Amino acid sequence: VQAASTVAVVLVFILFAWPGLEASESTKTLVRRLAAGGLADQLAGAYRVPDVSLDFYLERTLPRESDAARLRERVGSDPGRLWVVRADEVEALAARESLSVERVLTVSRRAVVRLSPRSSAGGRKDGS
């Protein structure tokens, strides 16, 4: 009886809870939404996001950056491109790294932002 109960609980989870969890938490959902909007090819990289499933779903290797100075260099040499970042770091990224940040898409713990060097006027663009 215990084994049958365990199997039943697992099956219920797989059939009913997993699809909803995947839709809200999966990198697959993020990439599908980017592709649907024609934005997947605009991804320049991922900042402090070690998730390799991005590569799998994008079907290409996405450059990773973890150093703030290197991120500023890359954004300066190729402004306006999209980056995947942790959703909880979007505001801090704009303040700490002096970048213009436009939120494009957020899926669970990941955000896709358009990064550019902050203009000399000092304004920050935030589309959240």
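**Exercise 1. Find which residues of helix H2 are buried in this predicted model, then look at what follows the helix.**

*Solution.* Start by selecting residues 27–36, the span of helix H2. Next, apply the cut-off: a residue is buried when its relative accessible area is under 20%. Thr27, Thr29, Leu30, Val31 and Leu34 are buried in H2. Finally, step past the end of the helix: H2 is followed by Gly38, which has a positive phi, near 70°.

**Exercise 2. Identify the aromatic pair and classify its geometry.**

*Solution.* Begin with the count, which comes to 1 aromatic pair. The partners are Phe56 and Tyr57, with 5.1 Å centre to centre and 80° between the planes. Planes over 60 degrees apart count as edge-to-face, so that is the class of the Phe56 and Tyr57 pair. Now compare each partner with the exposure cut-offs. Phe56 has 61% relative accessibility; exposed means over 50%, so Phe56 counts as exposed. Tyr57 has 29%, which lies between 20% and 50%, so Tyr57 counts as partly exposed.

**Exercise 3. Which residues make the nonpolar surface patch, and how does Phe13 qualify for it?**

*Solution.* Select Val7, Val10, Leu11, Phe13, Ile14 and Leu15: together they make a nonpolar surface patch of about 550 Å². Then zoom in on Phe13, which sits in helix H1, residues 2–25. Its relative accessible area is 39%, so Phe13 is partly exposed. Patch residues need over 30% relative accessible area, and Phe13 has 39%.

**Exercise 4. Describe the protein as a whole: how many helices and strands are there, and in what pattern?**

*Solution.* Count the elements: there are 5 helices and 5 strands. Read along the sequence, they follow α-α-β-α-β-α-β-α-β-β. Turn to burial: 34% of the 128 residues are buried. For the surface, the accessible area is about 7,400 Å², and carbon and sulfur atoms hold 57% of it. Last, take the contacts with a separation of 6 or more: 54% of them join residues 24 or more positions apart.

Conventions: Residues numbered from 1 in each chain as written. Predicted model: local features only at pLDDT ≥ 70, side-chain atom pairs only at ≥ 80, totals over all residues. Heavy atoms only, no water. Patch = residues over 30% accessible without salt bridge, like charges linked within 9 Å, V, L, I, M, F, W, Y side chains within 5 Å. Areas by Shrake-Rupley, 256 points an atom, 1.4 Å probe, with all protein chains shown as cover. Salt bridge = Lys/Arg side-chain N within 4 Å of Asp/Glu carboxyl O. Helix = DSSP H or I, 4+ residues; strand = E, 2+ residues; numbered from the N terminus. Buried < 20%, exposed > 50% of the residue type's maximum accessible area, 1.4 Å probe, protein only. Phe/Tyr/Trp six-rings, centres within 6.5 Å; stacked < 30°, edge-to-face > 60°. Contact = heavy atoms within 4.5 Å.
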